[in-house]
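These are my notebook entries on one protein model, written down in the order in which I looked things up.

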Amino acid sequence: MSDDTIRLVTIGRIIRRRRRFLITLAVVGALVGYGTSWLLPPRYTTSASVLLPGAWEERELMTQAQIAVSSVVLDRTATALALPGVDGEELRDRVGAGVADGNIIKISGTADTPEGAQRLSDQAAQQFVTYAAQVVGADTDPEAASRPEALRKLVERTSRRITELADGAGEGRSVESVQTRTELAKLRTALQEAVDKLNRADQPAAKANMVVMGPSTRPTGEAPPTKTQLVAVGAVLFFLLAVLGHLATARMGRRLRTEPEIAAALGAPSLGTVEVPGERRADRAKGAGPGALARRLLGIDVRWDLPTPLTGDEASGRIRYRRVGARLREQVPAPLRLLVVVPEGDEPARRAAGELAAETAADPAPGGGHPAPRVVEVSVSQPMVRDRDDESGALVVLSAGSWTAGELSGIGEACADAGHDVVGVVVACTVRAASARSADRSRKKGAAPASSGAVRPTGGAE
């Protein structure tokens with residue numbers, strides 16, 4: 001198929017001509033999604049927030065989030081929950097952690113019930129805070145927390161005493177006083193460095209004082225995917241797969257669908273497209289089985305990848321046949337007999353050939369009447385055309401979307417081998433119309449209706 005398959009107008013044509021089939025598949029997809037929702041148990045998710053006081057870098061926050069879902073924390077959480085058959089490895093898929101704004105870590109928990117999800121997230125947050133405090137070495141004893149502050153005050157008093165001793169050592173006029181002031185200055189510097197180290201040592205302890213910002217909220221709705229989402233996804237997925245399947249089939253198909261492609265394969269000019277009324281009763285008689293009935297109900301008994309069919313108006317249909325006849329007389333101006341070649345099994349083309357034969361016989365050229373064309377059916381698998389007798393050329397009539405370029409080339413070569421020049425190509429298009437055009441024309445002009453099978457081939461393949 002040409003690049004027309006990727007155009008939006010082609011997708012619109014698929015939806016328009018296959019809407020019943022696509023709607024049916026969408027309903028099937030929705031039912032599949034609904035059935036899948038019963039196989040998947042409902043899930044509820046909630047999260048607890050843990051505040052990390054102090055100054056934290058982004059990589060440090062990410063590290064803490066990884067610690068929150070570590071195996072140690074999850075094992076402790078499973079032990080605290082005391083759920084039968086639940087361990088830390090199973091909680092790995094049900095507990096998650098992420099970094100939020102403001103030095104906050106969100107710890108989420110997923111369970112089959114809202115209460116279970118709330119308990120899981122709260123317990124995971126509490127175990128994370130406890131484990132983080134143990135890793136840093138924080139001590140919750142009030143006396144241990146007051147010891148660094150007492151030591152800091154002792155260092156400050158010692159520093160002031162050193163200053164007083166340095167002032168009392170004199171102005172440094174003697175060697176002994178200078179040495180004393182120097183040693184006191186070194187001692188004060190060492191004490192200041194000790195205070196700085198003590199302050200830096202207190203920072204991790206301060207960071208370890210994480211706070212759980214209250215209990216998590218109890219979820220009121222299911223976590224995705226919900227039953228509604230599964231139904232919607234199933235319907236959309238089946239619909240899209242059906243459309244893509246139509247496009248892929250049309251792309252891989254090798255049957256010619258347009259007039260220029262068909263004319264190029266036969267190496268002859270295109271004389272136009274004529275319409276043939278579809279015979280609903282005959283079609284139903286041919287396909288009376290359950291499969292044919294299902295195809296009719298789904299709307300897949302009509303080709304979608306053919307060009308937009310012409311109107312089924314009776315007057316416009318007659319005009320098209322007359323125009324094709326006029327173009328044919330331009331190609332063969334002398335009143336000579338034509339051989340109308342129809343591929344074997346192409347029923348629309350056979351009826352169109354009968355219409356053209358009746359049109360040519362009933363509407364003679366100004367300079368004299370044309371003899372009635374001779375209609376023959378040619379096998380596509382083994383094309384063979386009778387040798388030229390009194391014919392002046394061959395006219396090929398066929399329906400679009402039924403034959404490949406190789407098959408049409410074989411028909412053209414068979415005509416050339418028999419001495420017939422292909423003077424033109426006519427494409428037959430089937431339309432759904434309850435028109436009695438053939439019967440009217442037979443009554444008015446005395447020609448037998450082609451659709452009823454009155455016009456038979458007068459010659460055949462040898």
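**Entry 1: two loop residues**

I looked up Ala82 and found it in the loop between helix 4 (71-81) and helix 5 (88-91), where helices (H or I, at least four residues) and strands (E, at least two) are DSSP runs, numbered from the N terminus. I note that this is a predicted model, in which local features need pLDDT of at least 70 and side-chain atom pairs count only at pLDDT 80 or more, while totals for chains, interfaces and linings use all residues. Residues are numbered from 1 along each chain as its sequence is written, and side-chain values use heavy atoms, with hydrogens and water left out.

The phi of Ala82 is near 55°, which is a positive value in a residue other than glycine. Is Ala82 buried or exposed? With a relative accessibility of 61%, Ala82 counts as exposed; here buried means under 20% relative accessible area, exposed over 50%, and partly exposed in between (1.4 Å probe, protein chains only).

I then turned to Asn103, which sits in the loop between strand 2 and strand 3. Its phi is near 55° and positive, again in a residue other than glycine, but Asn103 counts as buried, at 19% relative accessibility.

**Entry 2**

Strand 2 (residues 95-100) and strand 3 (residues 104-111) are antiparallel and are joined over 6 bridges; two strands pair if DSSP finds at least two bridges between them. Ala100 stands opposite Ile104 of strand 3, and Leu51 also stands opposite Ile104.

In which order do the strands of this open sheet of 4 strands lie? I read the order as 2-3-1-4, with antiparallel pairing. Strand 2 and strand 4 (211-212) are at the edges with a single partner strand each, so one side of each is left without a neighbour in the sheet.

I next looked at an open sheet of 5 strands, whose order is 5-9-8-6-7 and whose pairing is parallel. Strand 5 (270-277) and strand 7 (374-378) are its edge strands, since each pairs on one side only. Neighbouring strands of this sheet are turned by 30° against each other on average, direction ignored. Strand 6 (residues 337-343) is joined to strand 7 by 5 bridges, and Val341 has Val376 in strand 7 as its bridge partner.

Helix 10 (residues 259-266) packs on the sheet and touches strand 5, strand 8 (391-399) and strand 9 (422-431), with a direction at about 145° to that of strand 9. Helix 13 (residues 314-331) lies across strand 5, strand 6, strand 8 and strand 9, and runs at about 150° to strand 5.

Which residues of helix 1 (residues 8-17) are buried? I found Thr10, Arg13 and Ile14. Seen down the helix axis, these buried residues fall within an arc of 100°, so they line one face of helix 1; the arc is that of the directions from the helix axis to the C-beta atoms.

Lastly, I wrote down the totals: the protein has 16 helices and 9 strands, and of its 462 residues 38% count as buried.

Notes. Axes are lines fitted to C-alpha atoms, for helices over the stretch in contact, and angles run from 0 to 180 degrees between N-to-C directions. Contact means heavy atoms within 4.5 Å.
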